[in-house]
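Dear colleague,

I am passing on the structure below, with the sequence alongside. My notes on what was found in it follow, and I would be glad if you could read them with the model open.

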Amino acid sequence: MREKIVATLVGDDDRLDFMPKHLGLRNLMKGQNMFPAYLDRLSVDYSGGYWEFYELSNGGWYTAPRGDQHYRVAWDGNGYEGQMSADAAGITASLFTLCELANRTQEDDLIKAYHLLRDFAIEHEEGQEISSIAGE
């Protein structure tokens with residue numbers, strides 16, 4: 001049996017290095033703004049805010065809005081409508097962002113990051129909702 005994938009919150013001292021480390025300098029400016037932009041497209045409840053960064057024990061990563069708010073989310077692409085925690089909404093926005101960046105750049109690191117996050121999302125307590133909206 002495979003070990004459960006664990007998410008660890010990135011500490012304040014490591015926040016500045018998080019996005020350059022994972023997106024690379026070439027994708028930094030474009031990529032870092034895509035995460036909240038996707039959540040803005042997915043949820044009428046999202047109106048900006050502070051995002052947390054997470055490292056996964058399988059080598060993946062994601063970002064999610066801070067807090068315990070729940071967001072109503074919908075995606076016209078597949079007709080999904082539902083509600084998610086901030087963490088699940090962030091995972092979903094991260095999956096959409098990583099998928100788009102991987103498709104645009106064809107960079108192996110971004111493709112791998114998408115698949116590692118998808119593996120975590122499937123195990124997440126809201127994995128069914130994430131899979132439903134992200135088309136997994």
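Does Q106 count as buried or exposed? At 53% relative accessibility, Q106 counts as exposed, where buried means under 20% relative accessible area, exposed over 50% and partly exposed in between, with a 1.4 Å probe and protein chains only. Q106 is placed in the loop between α2 and α3, and, although it is not a glycine, it has a positive phi of about 60°.

Before the rest, a word on the basis of these values. This is a predicted model, in which local features need pLDDT of at least 70 and side-chain atom pairs count only at pLDDT 80 or more, while totals for chains, interfaces and linings use all residues. Residues are numbered from 1 along each chain as its sequence is written, and side-chain values use heavy atoms, with hydrogens and water left out.

Overall fold

The protein chain has four helices and five strands, which run β-α-β-β-β-β-α-α-α from the N terminus on; helices (H or I, at least four residues) and strands (E, at least two) are DSSP runs, numbered from the N terminus. For 136 residues a compact globule would have a radius of gyration near 14 Å, and the 14 Å of the protein chain agrees with that; the radius is taken over C-alpha atoms, and the globule rule is 2.2 Å times the number of residues to the power 0.38. Along its principal axes, the C-alpha trace spans about 40 × 35 × 30 Å.

Of the 136 residues, 46% are buried. Where contact means heavy atoms within 4.5 Å, 65% of the contacts between residues at least 6 apart in sequence join residues at least 24 apart. The chain exposes about 7500 Å², of which carbon and sulfur atoms supply 48%; accessible areas come from the Shrake-Rupley method with a 1.4 Å probe, and for residues only the protein chains shown count as cover.

As for charge, there are 12 positive and 23 negative side chains, and the centres of the two sets lie 5 Å apart. Lys and Arg count as positive and Asp and Glu as negative, with His and the chain ends not counted, and the place of a charge is taken as NZ of Lys, CZ of Arg, CG of Asp or CD of Glu.

The nonpolar core

The largest nonpolar core has 42 residues, and those with the most contacts inside it are Y62, M84, I91 and L117; such a core is a set of buried Ala, Val, Leu, Ile, Met, Phe, Trp, Tyr and Cys residues joined through side-chain atoms within 4.5 Å. The elements that give two or more residues to this core include α1 (15–42), β3 (61–65), α2 (86–105) and α3 (108–123), and α2 gives the most, with ten residues. Leaving aside residues up to four places away in sequence, I91 touches Y62, T63, L117, F120, A121, H124 and I130.

Individual positions in the helices

In helix α2, A88 is buried, with a relative accessible area of 0%. Not counting residues up to four places away in sequence, A88 touches H124, E126 and I130, and its C-alpha atom is separated by 7.8 Å from that of A64, 24 residues apart along the chain.

L110, in helix α3, is likewise buried, with a relative accessible area of 0%. L110 touches H22, L23, N27, L98, L101, A102 and T105, again not counting residues up to four places away in sequence, and, C-alpha to C-alpha, L110 and G24 are 9.6 Å apart in space while 86 residues apart in sequence.

Two further residues of helix α3 are Y114 and I122. Y114 counts as buried at 14% relative accessibility, whereas I122 counts as exposed at 52%.

With best regards
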